[in-house]
Amino acid sequence: MSKYLFYLFISYLSLSSAWAQEIYTLRGIITNPEGLALAGATVSLASGQQSTSDSKGLFTLTSSQKQISLSISFVGYQAYQQQLNLPLKDTLQITLQADSYQLEAVTVATGYQQVPKERATGAFENLNTELINRGVSTDILSRLEALTPALQFDKRDFNINANSNTNRLSIRGVNTINADASPLIILDNFPYEGDINSINPNDVASISILKDAAAASIWGARAGNGVIVITTKKGNYQKPFQVNFNSNINITAKPRLLDFPQLSSSSYIAIERDLFSRGFYQSQENNLRRPALSPVVELLIAARDGRISTASAEEQINDLSTIDVREEYLREVYRPAVNSQYALQMSGGTSKNHYTFSLGYDENLQSLKSNQQNRLTLKTSQFWKPIKNIEISADILYSNRQQEQAPSFAGIGYNQLRLGARQLYPYAVLRNADGSAAAVDKDYRSFIT
C-alpha cells in the first residue's frame with residue numbers, strides 16, 4: 001500500500017511542476033533599413049520553434065524558457081541573431097541589413113540618364129569600376145581591351161617597336177570607308193572630342209557601350225559608329241571627408257631579340273663574298289642613284305680598286321663577322337620599360353553640397369630609349385543643391401600629356417632600320433669605339449668612288 005502511495009505522490013509533484021511552468025510570448029516586427037516591412041522572413045528559436053513574418057512584418061513565438069536565442073533569415077539580407085531574456089515589455093523591433101554579396105542593380109548610362117538594365121532598350125555593355133581596375137595601364141583604351149567583345153581594336157599599324165597610340169577602335173566593325181569610323185565618346189553627359197587617352201582611368205567610375213541603332217535616337221547620326229559613355233567618380237551628399245591614394249608600377253623586360261632566328265654574321269659575309277665574286281653588286285655599284293651597299297661590299301670594292309690593302313680589308317671584315325646586330329640593339333636601343341602611375345582623390349559632402357578632387361601623374365618609359373611620355377591630370381567636381389529639386393554642378397578637367405620620341409637609333413626598333421629595300425645586315429655597328437653614334441648607310445652610299 002505504501003508503494004502505491006509513493007508513486008501517487010511523485011505523479012502529483014510532476015503534474016504540479018508542469019502546471020506551474022510559465023509560457024512566454026515573443027512578438028516582433030521585421031523591417032529593412034528604409035523602414036519597409038519584410039514579409040516571409042523565417043524566424044526560429046534554438047529550441048526548434050519556427051514562424052514567418054506576415055505582410056506587415058509581424059511574427060509571434062512562444063517559449064517556456066526565459067533565455068532564448070533568436071535567429072532570422074531572409075533572402076537578400078544578412079542573417080540576424082540575438083540573445084534575449086523573456087518576457088519583453090514591448091514589441092521587438094528588428095532591422096535586417098542588405099547582404100553586400102548580393103548582386104547589385106545594374107544601370108546603363110546613356111549620357112542623358114541612368115536607366116535600370118531591365119528598362120534599357122537596345123544592345124549595350126556595362127563595365128563597372130571593378131572591371132576597369134583589373135588592368136594597370138595608364139590609358140583607358142588598354143584597360144577596355146579584352147573586357148568586352150563589343151570593342152574591336154585594329155592593330156595592323158601597331159607593333160612592339162612603334163610606341164604610339166594608333167590603335168583604331170570600332171564598335172560593330174567597319175561601317176564606313178571615307179568618313180570617320182570612330183565611336184562617339186560621351187564624358188559625363190557631354191560629347192568629348194579630345195584624345196581619349198588623356199582621361200585618367202582612376203577617375204572613371206563606369207563605362208557603358210551603346211552598340212546598336214537605339215543610340216542614334218539619343219545622339220543622332222554621330223552615334224552611327226556606336227557610343228562609349230564614360231561616367232567619372234563623384235562625391236555623395238552627407239558623406240564625411242575621404243582621401244584615397246593608389247599607385248602602381250609595371251616593369252617589362254627588354255625584348256628577347258636573341259630568340260629571333262637570324263643568319264650569323266660570318267655566314268652572311270660568306271654569301272656576300274660569293275655574290276661579289278659573281279658580279280652581283282656591279283649593277284648597284286654603277287647605278288647613278290648610288291644606292292646604299294653593306295660595309296663588307298664597300299670594303300671588297302675598295303680592296304679591288306686598290307684604295308685600301310687586301311690585308312686591311314680582310315682584317316676589318318673579320319672584325320665585322322664577330323658582331324651580332326641583335327646584341328647591339330639590346331645594348332644601345334632597348335631598355336626595360338617602366339610604367340608608373342599615381343593617383344590622389346579627395347571627396348566629401350554635406351546636405352547641400354558634395355565635391356570631388358583628383359590629381360594624377362603617369363610616367364611611361366618605353367622599351368625604346370628616349371621614347372617616353374608623361375601625363376598630369378587634374379579633375380574637380382562640385383555639386384550644390386540650393387533648394388529642393390534643383391542641383392547645380394561645375395566640373396573642371398585638365399590634362400597635360402607630353403611625349404618624346406628620339407629620331408636616332410634609340411627611336412628605331414629592331415628590323416625597322418633597313419638597307420634600302422633590304423633587311424639590315426646582321427653585323428651592323430650602332431656605336432663606334434669612341435662612344436659616338438655610328439653612321440649607317442640607309443638609302444645612299446657614303447663611299448663615293
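Which residue of β16 is the bridge partner of Ile186? The partner is Val229.

Strand β13 (residues 184-187) and strand β16 (residues 227-232) run parallel and are joined by 4 bridges. Both belong to an open sheet of 5 strands. The order is β10-β15-β16-β13-β14, and the pairing is mixed. At the edges lie β10 (124-127) and β14 (190-191), each pairing on one side only. Strands of a sheet pair through backbone hydrogen bonds, either parallel or antiparallel.

**A helix pair**

Two packed helices are described by the angle between their axes and the distance between the axes. For α5 (residues 265-277) and α8 (residues 310-320), the axes come within 9 Å and cross at roughly 140°. An angle over 145 degrees would count as roughly antiparallel; α5 and α8 are therefore oblique to each other. On α5, the contact is made by Ser265, Ile269 and Arg273. On α8, Glu314, Ile317 and Leu320 take part. By class, this contact has 3 nonpolar, 1 polar and 2 charged residues.

**Confidence**

The chain averages a pLDDT of 81, and 84% of the residues score at least 70. Among the elements of the chain, α5 has the highest mean pLDDT and α1 the lowest.

| Element | Mean pLDDT |
|---|---|
| Helix α1 (residues 2-20) | 48 |
| Helix α5 | 94 |

Over residues 12-20, pLDDT stays under 50, and the model has 0 contacts beyond four places in sequence for them. Residues 157-167 also have a pLDDT below 50, but this stretch has 20 contacts in the model beyond near neighbours in sequence. Where pLDDT is low, the predicted coordinates should not be read in detail.

Notes. Residues numbered from 1 in each chain as written. Predicted model: local features only at pLDDT ≥ 70, side-chain atom pairs only at ≥ 80, totals over all residues. Heavy atoms only, no water. Axes fitted to C-alpha atoms, helices over the stretch in contact; angles between N-to-C directions. Helix = DSSP H or I, 4+ residues; strand = E, 2+ residues; numbered from the N terminus. Parallel < 35°, antiparallel > 145°, perpendicular 65-115°, else oblique. Contact = heavy atoms within 4.5 Å. Nonpolar A, V, L, I, M, F, W, Y, C, P; charged D, E, K, R; others polar. Pairing = 2+ DSSP bridges. pLDDT = per-residue confidence, 0-100.
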